[in-house]
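Me: I have a structure to go through with you. Can you take my questions one by one?

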2 protein chains.
Amino acid sequence: MAKDRDITGELRIRVRFGPDAILGPGKAELLEHIAATGSISAAGREMGMSYKRAWQLVETLNAMFRMPLVESTRGGARGGGAQVTPMGQEVLGCYRALEQEARDSGASQLERLQDLLCDMSDGK
Amino acid sequence: MAKDRDITGELRIRVRFGPDAILGPGKAELLEHIAATGSISAAGREMGMSYKRAWQLVETLNAMFRMPLVESTRGGARGGGAQVTPMGQEVLGCYRALEQEARDSGASQLERLQDLLCDMSDGK
C-alpha cells in the first residue's frame, strides 16, 4: 500500500478573521455532518459533541457570514431538521480547497519535518 | 496603505503527527522567544504563559524529535539559560516555510472567504 513510507503528518488549518470569527476543522466537520444527517443534534452526536455545543457552533457560524450557513426548523418531534445552505456549501468548499492547497504546497516541508521526528512517532 | 482592502484572515497551521506529537503556532512562537531571550521562563512570560506550561511544551518538543530542540542549563541564579539547537532551528524553519507556502497557495480562497464574511467582521 505505502510507497516508501506513509506520510502521517496531518495538516490542520484554522482561519482567524477576528476573535469571534474563526473557521477551523471542527466547524467544517460539523457542517459536513449536518449536511449528511439533516440534523444539528445528530451531527453533534456523531462528533461526540453536546447538543448545546453543536448549536453554539452553528450560531457562531451563522453570525460570522453574510448569510446563515445552516437553516434549521426547531420544534419537530425529533427536534427539527437542519440543512446546510448554499452559502454554507460555498464556505465549506472554500475551506476544504484552502486545506487541500496547503497540503499540496506543504508536502515537501511536511516530509522534512517527518524525517526529523522521533522513531517512536514513526512506529505507530 | 491598503490596496482595495486588507486581507485580515490569518491562517494558522497545526501539524499533527500523533496524539502527543503536534506542532502548531504556540510551540513555534515559544521556540522563537527562547531563541530571542535565551530563557524558557522569559519566553513563557512574553507569551503570557506559566513557567510550568512553557517547560511542558519544551519537554514535549524535545521528546517529539530525534534530538532536543531546546537545550537548557538548569540551576543558575536566574533559573539557568536555554538555547534553541540546530535541530530546533531546522524544525522551526520547516514550520515557518510550511506556513508561508500555505498562505501563498491559499490566498485566493482566503480572499473568497473574506468576501463572504459579515460586514461587522470587516469593520474592525
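This is a predicted model: local features need pLDDT of at least 70, side-chain atom pairs count only at pLDDT 80 or more; totals for chains, interfaces and linings use all residues.

Me: Start with the strands of chain B. What does B:Arg16 stand opposite in β2(B)?

Reply: B:Ile22. β1(B) and β2(B), residues 21-23, run antiparallel and share three bridges. Two residues sit between them in the hairpin.

Me: How many bridges pair β1(A) with β2(A)?

Reply: Three, in the antiparallel sense. A:Arg16 faces A:Ile22 of β2(A). The hairpin from β1(A) to β2(A) goes through two residues.

Me: Which strand of chain B does β1(A) pair with?

Reply: β1(B), residues 10-18. The pairing is antiparallel, over seven bridges. A:Arg12 has B:Arg14 as its bridge partner. A:Val15 is opposite B:Leu11. A:Arg16 partners B:Glu10 in β1(B).

Me: OK, the interface. How many residues of each chain are in contact?

Reply: 38 residues of chain A with 38 residues of chain B. Contact means heavy atoms within 4.5 Å. The buried area is about 3,700 Å², and carbon and sulfur atoms give 61% of that. Buried area here is the accessible area (1.4 Å probe) that two parts lose on being put together, summed over both.

Me: What about polar contacts across it?

Reply: There are 15 residue pairs in polar contact between chain A and chain B, both residues at pLDDT 80 or more. The rule takes a pair of N or O atoms within 3.5 Å; within protein, one must be able to donate a hydrogen and the other to accept it, and residues adjacent in sequence count only if both atoms are side-chain atoms.

Me: Which element gives the most to chain A's side?

Reply: α4(A), with 17 residues. By class, that side of chain A has 20 nonpolar, seven polar and eleven charged residues. Nonpolar covers Ala, Val, Leu, Ile, Met, Phe, Trp, Tyr, Cys and Pro; charged is Asp, Glu, Lys and Arg; the others, Gly among them, are polar.

Me: How many salt bridges between the chains?

Reply: Two. The test is a side-chain nitrogen of Lys or Arg within 4 Å of a carboxyl oxygen of Asp or Glu. B:Glu90 bridges to A:Arg112, with the closest N and O atoms 3.7 Å apart.

Me: And over all chains?

Reply: Ten in the whole structure. A:Glu32 and A:Arg96 form a salt bridge, closest N and O atoms 2.8 Å apart. A:Glu32 is in helix α1 of chain A (residues 25-37) and A:Arg96 in helix α4 of chain A, so the pair ties together parts 64 residues apart in sequence.

Me: Last topic, symmetry. What rotation superposes chain A on chain B?

Reply: 180 degrees, with 0.0 Å of shift along its axis and an RMSD of 0.0 Å. That is the relation of a two-fold axis. In chain A, the C-alpha nearest the axis belongs to A:Ala102, 2.1 Å away. Copies are superposed by least squares on the C-alpha atoms of residues with pLDDT of at least 70 in both.

Me: Why do you say the copies meet through the same surface?

Reply: Because 100% of the interface residues of chain A are also interface residues in chain B.

Notes: Residues are numbered from 1 along each chain as its sequence is written. Chains are lettered from A and ligands numbered from 1 in the order in which they are written. Side-chain values use heavy atoms; hydrogens and water are left out. Helices (H or I, at least four residues) and strands (E, at least two) are DSSP runs, numbered from the N terminus. Two strands pair if DSSP finds at least two bridges between them.
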